[in-house]
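Biologist: I would like to learn how to read a few features of a structure. Could you take me through some, giving the general idea and then the case?

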Amino acid sequence: MKPLAAALAPFLLTLALCLPARADEGTLAAGRDYTDRFHSGDTAPLWQRMTQEMRQALGAPDALARLRETVEARFGPEEAVLSETAERQSGYRIYLRLARHANDAAPLITQWTLDDAGAIAGFFVRPAQQPAESRFLDYETKAPLRLPFDGAWQVFWGGRTLEQNYHAVDRGQRFALDLIVVEDGSSHAGDGLALKDYHCWDRPIHAPAAGTVTAAVDGLPDQAIGETDPENPAGNHVVLDLGSDEFAFLAHLRQGSVAVKRGERVESGQEIGRCGNSGNTSEPHLHIHLQTTPALGEGEGLPTFFNAYLADGEPVARGEPVRGQTVAPQAGR
């Protein structure tokens with residue numbers, strides 16, 4: 001990875017249909033330290049920890065100090081950390097922070113890229129993209145949707161703001177949801193290196209409403225933890241035509257588990273596959289979104305209102321799950 005590549009990469013779009021990886025505590029600690037040093041003006045140690053390529057790109061130690069002065073003058077001091085992740089990509093360790101600053105409504109993204117020796121091989125700080133414009137903000141889902149699983153799942157990404165849902169920058173996935181199963185405060189047992197360690201792994205996924213299958217992909221491998229498949233972002237997936245120009249996408253299904261075929265009519269609650277880790281994903285989870293066409297990347301996202309579910313134990317007659325909630329179908333529904 002060249003030093004400036006990270007600065008130019010459209011991060012939030014390249015991660016569409018991808019759940020952030022399990023936290024790497026060492027990378028989290030380094031990223032927090034470097035970000036705090038940058039904002040406090042302690043930039044000399046950061047220069048010392050940069051690769052030769054990074055130093056050549058910046059030109060001189062005071063370039064980093066000038067960048068810090070520009071950021072502080074434009075955006076003001078950091079007020080709140082909204083989210084942070086640490087993961088591995090292509091042999092590098094990447095720390096990313098989304099934070100709100102005093103002088104700007106848009107959160108700032110700060111990213112540090114570390115090589116295997118711990119040297120800083122990439123760095124950028126810039127405003128986060130705004131949610132995609134949508135003509136469907138007041139839209140009411142027409143299909144009577146049920147949650148596409150049994151039992152309690154946690155909403156990892158979901159909602160209408162960037163703080164709740166990084167998918168919101170993408171026109172087609174404007175209202176998408178990523179869901180995991182959390183037990184004892186974690187999405188996995190043990191060290192989380194095996195797919196079977198994840199609590200949602202191989203759980204049945206059900207049709208959220210009656211519809212006709214317009215696409216069913218089942219031959220892609222489940223990615224090992226730490227690997228992704230950006231060439232096939234949805235992985236094994238099912239697309240359902242729910243009528244009224246509403247198409248439901250259910251992605252990252254386990255290889256060999258897809259139980260429906262294109263053209264087949266399915267009923268609400270029918271098992272269509274099982275939760276896996278195929279596609280551009282860094283741990284097992286379910287991705288679901290509604291859009292106006294059956295082609296990924298070509299339609300407009302639609303709000304996804306589910307009926308008769310529990311959110312953090314409270315009954316919801318009809319609503320949109322949001323990040324942090326634990327949701328489950330109501331008994332008998």
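Modeller: Gladly! Let's begin with burial: a residue counts as buried when its relative accessible area is under 20%, and as exposed when that area is over 50%. Please keep in mind that this is a predicted model.

Biologist: Thanks. Is Gly172 buried or exposed, then?

Modeller: Gly172 counts as buried, because its relative accessibility is 7%. The residue is found in the loop between β5 (153-157) and β6 (177-180).

Biologist: Which residues is Gly172 in contact with, leaving aside its neighbours within four places in sequence?

Modeller: With that exclusion, the contacts of Gly172 are His289, Leu290, Gln291, Gly299, Glu300 and Gly301.

Biologist: Let's turn to charge. What is the nearest side chain of opposite charge to Glu72, and how far away is it?

Modeller: The general idea first: a salt bridge needs a side-chain nitrogen of Lys or Arg within 4 Å of a carboxyl oxygen of Asp or Glu. For Glu72 the nearest side chain of opposite charge is Arg68, 4.5 Å away, and this buried residue has no salt bridge. You will find Glu72 in helix α6 (residues 61-75).

Biologist: What does Glu72 touch, not counting residues up to four places away in sequence?

Modeller: On that count Glu72 touches His39 and Pro77. With His39 there is a polar contact too, 2.8 Å between the two side chains.

Biologist: Now the rings, please. How many aromatic pairs does the structure hold?

Modeller: There are seven aromatic pairs. One of them is formed by Trp112 and Phe123, which are stacked, with 4.0 Å centre to centre and 25° between the planes. When reading the angle, remember that planes under 30 degrees apart count as stacked and those over 60 as edge-to-face.

Biologist: Where do Trp112 and Phe123 lie in the chain?

Modeller: Trp112 is in strand β3 (residues 108-114) and Phe123 in strand β4 (residues 120-127), so the pair links distant parts of the chain, eleven residues apart. Trp112 counts as buried because its relative accessibility is 0%; Phe123, at 8%, is buried as well. An edge-to-face case is the pair of Phe136 and Tyr139, at 5.6 Å centre to centre with 90° between the planes. Phe136 has a relative accessible area of 11% and is therefore buried, and Tyr139 counts as buried at 14%.

Biologist: Which residues form one aromatic cluster?

Modeller: Tyr34, Phe38, Trp112 and Phe123 do.

Biologist: Which ring has the charged end of Arg323 over it, 4.2 Å from its centre?

Modeller: That ring belongs to Trp157. Arg323 also lies over the face of Phe156, 5.3 Å from the ring centre.

Biologist: Last topic: backbone angles. What is the phi of Asp245?

Modeller: As background, most residues other than glycine have a negative phi. Asp245 is not a glycine, yet its phi is positive, about 60°. This residue is in the loop between β9 (236-241) and β10 (247-253), and at 57% relative accessibility Asp245 counts as exposed.

Biologist: And His252: where does it lie, and is it buried or exposed?

Modeller: His252 lies in strand β10. With a relative accessible area of 0%, His252 is buried. His252 is not a glycine either, and has a positive phi of about 70°.

Notes. Residues are numbered from 1 along each chain as its sequence is written. This is a predicted model: local features need pLDDT of at least 70, side-chain atom pairs count only at pLDDT 80 or more; totals for chains, interfaces and linings use all residues. Side-chain values use heavy atoms; hydrogens and water are left out. Helices (H or I, at least four residues) and strands (E, at least two) are DSSP runs, numbered from the N terminus. Buried means under 20% relative accessible area, exposed over 50%, partly exposed in between (1.4 Å probe, protein chains only). Contact means heavy atoms within 4.5 Å. Lys and Arg count as positive and Asp and Glu as negative; His and the chain ends are not counted. A polar contact is a pair of N or O atoms within 3.5 Å; within protein, one must be able to donate a hydrogen and the other to accept it, and residues adjacent in sequence count only if both atoms are side-chain atoms. Rings of Phe, Tyr and Trp (its six-membered ring) pair if their centres lie within 6.5 Å; planes under 30 degrees apart count as stacked, over 60 as edge-to-face and the rest as tilted. A charge sits over a ring if NZ of Lys or CZ of Arg is within 6 Å of the ring centre and within 35 degrees of the ring normal.
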